[in-house]
Protein chains: 2
Amino acid sequence: MHIEELTLHDSLHFLVTHQFGRIACVRHSQPYITPFNYAYHDHFIYSFSTVGQKIEWLRANPLACIEVDEIENPREWTSVVVSGRYEELPNTADGRTLREQAFKLLQKHTLWWEPGFVRTTLHGTARPLEPVYYRVSIEEISGHQAKPI
Amino acid sequence: MHIEELTLHDSLHFLVTHQFGRIACVRHSQPYITPFNYAYHDHFIYSFSTVGQKIEWLRANPLACIEVDEIENPREWTSVVVSGRYEELPNTADGRTLREQAFKLLQKHTLWWEPGFVRTTLHGTARPLEPVYYRVSIEEISGHQAKPI
């Protein structure tokens, strides 16, 4: 097996052709990872969620990391990692256009299974359904691919 | 679909029965995620790697997050998230016992495909092969499972 870096073009192409990954946020130097759905468009990664630990942490510190991978087998895999900034798309006159764009992008991939639209029971209490739309800018991106020699 | 919390027992069982996940580390409030192999044993997650961004960041800030998931389909999935502290298992007289234990644990699952033992070409230069063994303590753990209603 040999591991090589992907070009910028190939890394972006990988993001475009996938819709599921993991996002990490940070509070007091402690990271937190959650799986999430996304839609890539024009150097931004769009997604939505209910308000919870991830959104609370990202509101306080917008630095995020997104990792998307495809593991064919132990010797054939691809992983793309993005560093970027979280930006909320508020439900206001100013934010409406971007919010509608995000909705359309995410709708394409039938991502409606995300916890963002599901009633979640935590500690016996139903969590409020308050969808938050957001996007993460791509400040840095790197990709690696393993292939059998 | 309904999302529920896993019990502590079920979350730990999920870690024991899987060997692949994602680990996040942090520098200057910026998270970084990489896929990795691990072996769980007695409230620690053992793994190894070559020296690179992940190890350098974890040496500077030992706070780590590990996420392990199994996505059957959009309505059936499990995700377990661990917050813990990185601890290196040095190649010294003191560290040897733990290092050998880590080696044995990881060997069981034929994890030798990890970049830790693969020559990686970055920017045209082969990266040195210097395996670092480490473990992450489980300070907090939570699990969620989605099931169709």
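Residues are numbered from 1 along each chain as its sequence is written, and chains are lettered from A and ligands numbered from 1 in the order in which they are written. Because the model is predicted, local features need pLDDT of at least 70 and side-chain atom pairs count only at pLDDT 80 or more, while totals for chains, interfaces and linings use all residues; side-chain values use heavy atoms, with hydrogens and water left out.

**Fold of chain A**

Chain A contains 3 helices and 11 strands; helices (H or I, at least four residues) and strands (E, at least two) are DSSP runs numbered from the N terminus. The order of these elements from the N terminus is β-α-β-β-β-β-α-β-β-α-β-β-β-β. Chain A has 149 residues, of which 50% count as buried; buried means under 20% relative accessible area, exposed over 50%, and partly exposed in between, with a 1.4 Å probe and protein chains only. Among contacts in chain A with a separation of 6 or more, 71% are between residues 24 or more positions apart; a contact means heavy atoms within 4.5 Å.

Leaving aside residues up to four places away in sequence, G143(A) touches E4(A), E5(A), L6(A), S11(A), S79(A) and V80(A). V68(A) is 75 residues from G143(A) in sequence, yet their C-alpha atoms are 9.3 Å apart in space.

**Relation between the chains**

Chain A is superposed on chain B by a rotation of 180 degrees with 0.0 Å of shift along its axis, at an RMSD of 0.0 Å. That is the relation of a two-fold axis. The superposition is by least squares on the C-alpha atoms of residues with pLDDT of at least 70 in both copies. The copies meet through the same surface, because 98% of the interface residues of chain A are also interface residues in chain B.

**Salt bridges**

Side chains of opposite charge can pair when their charged atoms come close. A salt bridge is a side-chain nitrogen of Lys or Arg within 4 Å of a carboxyl oxygen of Asp or Glu, and the count over all chains is 10. The table lists three of them.

| Pair | N to O distance |
|---|---|
| R22(A) and D69(B) | 2.8 Å |
| R22(B) and D69(A) | 2.8 Å |
| R135(A) and E87(A) | 2.9 Å |

The salt bridge of R22(A) and D69(B) crosses between chains, from strand 2 (residues 20-27) of chain A to strand 6 (residues 63-73) of chain B. R22(A) is buried at 4% relative accessibility, and D69(B) is buried at 11%. The pair R22(B) and D69(A) likewise crosses between chains, from strand 2 (residues 20-27) of chain B to strand 6 (residues 63-73) of chain A. Both R22(B) and D69(A) are buried. A network of salt bridges links R22(A), E67(A), D69(A), R22(B), E67(B) and D69(B).

Within chain A, R135(A) and E87(A) meet in a salt bridge. R135(A) lies in strand 10 (residues 132-137) and E87(A) in strand 7 (residues 76-88), so the pair ties together parts that are 48 residues apart in sequence. R135(A) is buried, with a relative accessible area of 12%, whereas E87(A) is partly exposed, at 31%.
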